[in-house]
Amino acid sequence: MTDSSPVQVPGTVLTMRRIGAYQTMTLVAPGVAERFRPGQFVALAVGGEQSSMLLRRCFAVREVKPDYGGTVEIVFSVRGKGTQWLAGLRPRDIVDVAGPLGRPFPLPRYPVTCVLLGVAHASAALFPLAAVLRQRDCPLHFLLGGAGTEEVHGARGARRAGDSVAVATEDGSLGSAGRVEDLLASAIEGAQAEVVYACAPLETLRSVSRTCAGYGIPAQVAVEEPMACGTGVCMACVLPVIGDDGATHMVRTCVEGPVFRGERVRWDDVGTIPFDALGAPRALRLGERP
Amino acid sequence: MSVDLRTRLGPVSLPNPIMTASGCGGTGRELGRFFHVAKLGAIVTPSITPEPRAGRPAPRLAETPSGVLNSTGLQGPGIDVFLDRDLPWLDEQGARTIVSIAGNSVEEYAEVAKRLNSAPGVTAVEINTSCPNVEDRGLMFAAHPTAAAEVVRAVRTNTRRGVPVFAKLSADVTDVVGVAMACADAGADGLSMINTLHGMAVDTWSFRPRLAGVTGGLSGPAIRPVAVRCVYQVHAALPEVPIIGMGGVRTGTDALELILAGASAVAVGTANLHDPSACTRILRELDTALRERGITGLADAVGLAHKPAGTLIRRIDPNVGVGEPTEQESLQ
């Protein structure tokens, strides 16, 4: 338990770069790097010590290195006041880091052919995974997507780490035109893939899960449901997920996830409490005590 | 000089006054990854209901200036799983556990209280009479003194002696003192205040409410002055009833503010979302703050804001007796 426990440390900004449409930030955060396993994330406090922004911002980890006692690299897009504040940080600035948090990707015991699918900056989480899969001699095939060229993250890194890379952009400015999940079926068939790992928005993950179910192969998906604390206390990031008992539970993405088996998530019911979920409000039956 | 942080809540004595607020500290396990849960005065559990509850749909949280709006809908596993899985864990860790309970009817509250009776490791019971967050707004017991009193009576009669019952009050009422008095008369050993304030936020791009539940409970430093006011007013009216103060506490001095207003213990809520080690940090900061002010015992600081200016320590308090003169005072 102690080994997998996260740490909370003041992180020091080492570098801040803009790559494409996204910010890439490297932090010196001792203790996080050595505990990290691919798929896990970090939760950053934004706005400084007296911040009026009370919720943490959670980010997938792009890379960890043992330098300076352990560094963590994250990729994010500026979307609101919190990420704006983060993007304004300069080297040597301090930001509170909690991590690594969440369940990591399950890894194959034997070398198997993997398809790694990522959309926009969510692709970042695929790279530490790719490094570990490589060590296990797994052939890797990358599928990367985004709205345009600027929004495709990590194409160069994927060429270095993977056996093949295919890119799809919605505006057709890079690779094939369309959505990246449309390339999945042919990628699975072409590579005889045995597992798909995906990091993307919910819509894409739903489609990935469906495709994989069609081929009878597992989809390990990392969701980027907005999290508010990252540690499991606030109950904000819940998804309807089918448990081992066969019942649907409202589970926290930050504790039980962010990695789920694709077929376990009830994608069509996200944003609702399914009527058959454990503890769902139910209509009173005749004669029943309220 | 070491500060005596011990505090009394009716029949129960706690090693220090800092605890998690209900629903903001998880089951204890989550924060237990960042510090030892037995270090705190107590862990207050999320509100336990008779049956499992799936809660409300997402989005459940919205960030507002120095605050958080939530409509979680009391998601929880229900009393069976709580007794089976969560309470024994807390007991094993040596934590003092205050069990928050909720229900849709007086009978449901009584049922949960009864189930807790035979369970080891319950330090106190806190009745969530006021969460504006449950499905039916009409069922906010805390809005009416008589309804609140009825729940308190039901829980008190179903709870064994020696286990104090605290009623958690809402500040969303015209007269919080009236509700507090009704609860105390009905047998509450103490009062917890305040619960979240009812609020709402609208997204200016989608033109829709930011919470799936439309309205939610506002917490965080934004509501602290309301908490201080309620604690002050209730302590003035009922000086002998112990109060657990909560609402926007983020630092040790925030905790001290509530203590000065009349709280014997302080619960930390939303700060846990921002900083998972907030409770232990606040405990440390409170110790320092008391020492800096020459106060040697926490009990001496409780309700000091009610005393005339210049009164520091020498006073007669039915709970404490005559205070020891401080170093500062002896020097003068």
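In which handedness of crossing, left or right, does α5(B) pass α6(B)? I opened the predicted model with that one, and I got a right-handed crossing of α5(B) past α6(B).

**Helix pair in chain B**

I looked up the geometry next. Helix α5 of chain B covers residues 176–185 and helix α6 of chain B covers residues 224–237; they pack at an angle of about 50°, with their axes 9 Å apart. That angle makes α5(B) oblique to α6(B).

Then I asked which residues make the contact. From α5(B) I noted V176(B), V177(B), A180(B) and M181(B). From α6(B) I noted C230(B), Q233(B), V234(B) and A237(B). Sorted by class, the contact of α5(B) with α6(B) has seven nonpolar residues, one polar and no charged ones.

**Where chain B touches chain A**

I moved on to the other chain. Here 34 residues of chain B are in contact with 29 residues of chain A. On chain B's side, the elements giving two or more residues are α1 (29–32), β5 (61–64) and α8 (271–274). I checked which gives the most, and it is α8(B), with three residues. By class I have 12 nonpolar, 13 polar and nine charged residues on that side of chain B.

For the complex, the predictor gives an ipTM of 0.88 and a pTM of 0.89. Chain B averages a pLDDT of 89, and 90% of the residues score at least 70. I flagged residues 131–136 of chain B, where pLDDT stays under 50. The model has 23 contacts beyond four places in sequence for that stretch.

Definitions and conventions. Residues numbered from 1 in each chain as written. Chains lettered and ligands numbered in written order. Predicted model: local features only at pLDDT ≥ 70, side-chain atom pairs only at ≥ 80, totals over all residues. Axes fitted to C-alpha atoms, helices over the stretch in contact; angles between N-to-C directions. Helix = DSSP H or I, 4+ residues; strand = E, 2+ residues; numbered from the N terminus. Parallel < 35°, antiparallel > 145°, perpendicular 65-115°, else oblique. Left-handed = near helix turned anticlockwise from the far one by under 90°. Contact = placed C-beta atoms within 7 Å. Nonpolar A, V, L, I, M, F, W, Y, C, P; charged D, E, K, R; others polar. pLDDT = per-residue confidence, 0-100.
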